[in-house]
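Open the model in your viewer and keep the sequence panel beside it. The tour begins with the whole chain and then moves from one selection to the next.

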Amino acid sequence: MNTYINETSLVESKNIGNGSKIWHWTHISKNAVIGKNCNIGQNVYIANDVIIGDNCKIQNNVSIFDNTIFEDNVFCGPSVVFTNVTNPRSEFSRKNSYKQTIIKNGASLGANSTILCGNTIGDYAFIGAGSTVTRSVKSFALSIGIPSKQIAWFSRYGEKIPLDLNGNEFFQCKTTGDKYILKNNELILEK
């Protein structure tokens, strides 16, 4: 297996994909699943009931708690915060009420963003640095602020798409050739 695990890390999981790299002072719990070709930065915590897909990049100082799923090609910036309970209390255990959070294929989470549990971040969505996500985010949406709100569309390549948020429009990316259609306030990547 072509996997790198820094000697300072605690990796209890046997489910680490080929080609993945795990850096300094990271803790990966026993039942966590890490896909192929992932890069897990320093001081990262990944809980038991977490699935990380292939080719994900998780930057430094991120804690990913139970019931979180990253699909493939997710970028998670430094110090992103996840939750798994909506009403935590130290006095009362809430382990039976963890909510699932899904980060879909190709999504990017900016540095210091906060992702509240029970939400889905759509395919290739882009969450701006420092934003707080309190509801699900559409595929290809650029969402920023506290609480975050969609202000534009972003392409698979990671550039702003010049489409009206309320219209039915068409856009073709000059870099990738991808074709997008905006219909009923949903951006669709043509196959």
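What follows is a short walk through the chain and its salt bridges.

This is a predicted model, in which local features need pLDDT of at least 70 and side-chain atom pairs count only at pLDDT 80 or more, while totals for chains, interfaces and linings use all residues. Residues are numbered from 1 along each chain as its sequence is written, and side-chain values use heavy atoms, with hydrogens and water left out.

**Whole chain.** Show the chain as a cartoon: there are 25 strands and zero helices. Both are DSSP runs numbered from the N terminus, helices being H or I with at least four residues and strands E with at least two. Along its principal axes, the C-alpha trace spans about 50 × 45 × 25 Å. Switch to a surface view and the chain exposes about 10,100 Å², of which carbon and sulfur atoms supply 47%; such areas come from the Shrake-Rupley method with a 1.4 Å probe, and for residues only the protein chains shown count as cover. Of the 191 residues, 41% count as buried. Here buried means under 20% relative accessible area, exposed means over 50%, and partly exposed is in between (1.4 Å probe, protein chains only).

**Salt bridges.** Side chains of opposite charge can pair when their charged atoms come close. A salt bridge is a side-chain nitrogen of Lys or Arg within 4 Å of a carboxyl oxygen of Asp or Glu. How many salt bridges does this rule give? The count is three.

**Stop one: K104 and E71.** Select these two side chains, which meet in a salt bridge at 3.3 Å, N to O. K104 sits in the loop between β14 (101–103) and β15 (108–109) and E71 in the loop between β11 (68–70) and β12 (75–76), so the pair ties together parts 33 residues apart in sequence. K104 is partly exposed at 26% relative accessible area, and E71 is partly exposed at 26%.

**Stop two: K138 and E186.** Their side chains form a salt bridge at 3.8 Å, N to O. Because K138 lies in the loop between β19 (132–133) and β20 (141–144) and E186 in strand β25 (residues 186–189), the pair joins parts 48 residues apart in sequence. E186 is partly exposed, at 39%.

**Stop three: D178 and R156.** The closest N and O atoms of this salt bridge are 2.7 Å apart. D178 is in the loop between β23 (169–172) and β24 (179–183), and R156 in the loop between β21 (149–154) and β22 (160–161), 22 residues apart.
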